[in-house]
Amino acid sequence: MSTFQMHPSADLTFETTRLVRDTCLCLHAQRAARALARRFDIALKPAGITSGQFSLLMSLNRPEPPNLGGVAALLAMDRTTLTANLKPLEHRRLVETATDPTDGRARLLRLTPAGRAVLAEAVPIWRHLHAEIETALSVPDHLRSELNFLSRSDS
């Protein structure tokens, strides 16, 4: 018997589909995230980066270079995915990696001057679109707080 036949589908009605469509927080968050990313991707295109690359580059804009694990945690990304996302930025010489002198197993990530130049071009674009989106929201700080809560929640 296949796994599909092991569980009866008595409650798998179109009403259930509507319930999920209309109330599922995960679905709504994913849809909103994709729509927001698309808007920022379009806006940031003149700077030559995507919204994900903007977030990654911005996470490296610190007085001291962060390590890979710290950036992965900040971006809620596993290390393998972060490494894959770094490759095109390293190829374009926007980011460089170096061995941590205090821990030879760790890698430090650093913006290059070219990476800083791309961010300098992208930040005004981000500020403009971000302000436009916040203006359309009723209570942006409340939404931000709720999203931060959900991003930290393990349950």
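Author: One term before we start: buried means under 20% relative accessible area, exposed means over 50%, and partly exposed is in between (1.4 Å probe, protein chains only). Also, this is a predicted model, where local features need pLDDT of at least 70 and side-chain atom pairs count only at pLDDT 80 or more, while totals for chains, interfaces and linings use all residues. Residues are numbered from 1 along each chain as its sequence is written, and side-chain values use heavy atoms, with hydrogens and water left out.

Reader: Okay, so is R144 exposed or partly exposed?
Author: R144 is partly exposed, at a relative accessible area of 33%. D141, on the other hand, is exposed, at 55%.

Reader: And what do the side chains of D141 and R144 do?
Author: They form a salt bridge, N to O at 2.7 Å. That term means a side-chain nitrogen of Lys or Arg within 4 Å of a carboxyl oxygen of Asp or Glu. D141 and R144 sit three residues apart in helix α8 (residues 140-152), so about one helical turn separates them. Salt bridges with shared partners also join E134, D141 and R144 into one network.

Reader: How many salt bridges are there by this rule?
Author: The count is seven. Among them is R18 with E15, at 3.1 Å from N to O. R18 and E15 are three residues apart in helix α2 (residues 14-23), which puts about one helical turn between them. R18 is partly exposed, at 35% relative accessibility.

Reader: What about D103 and R105?
Author: Their side chains meet in a salt bridge too, 3.1 Å from N to O. D103 is partly exposed at 25% relative accessibility, and R105 is exposed at 74%.

Reader: Switching topic: how many helices and strands does the protein have?
Author: Eight helices and two strands. Both kinds are DSSP runs numbered from the N terminus: helices are H or I with at least four residues, strands are E with at least two. From the N terminus, the order is α-α-α-α-α-α-β-β-α-α.
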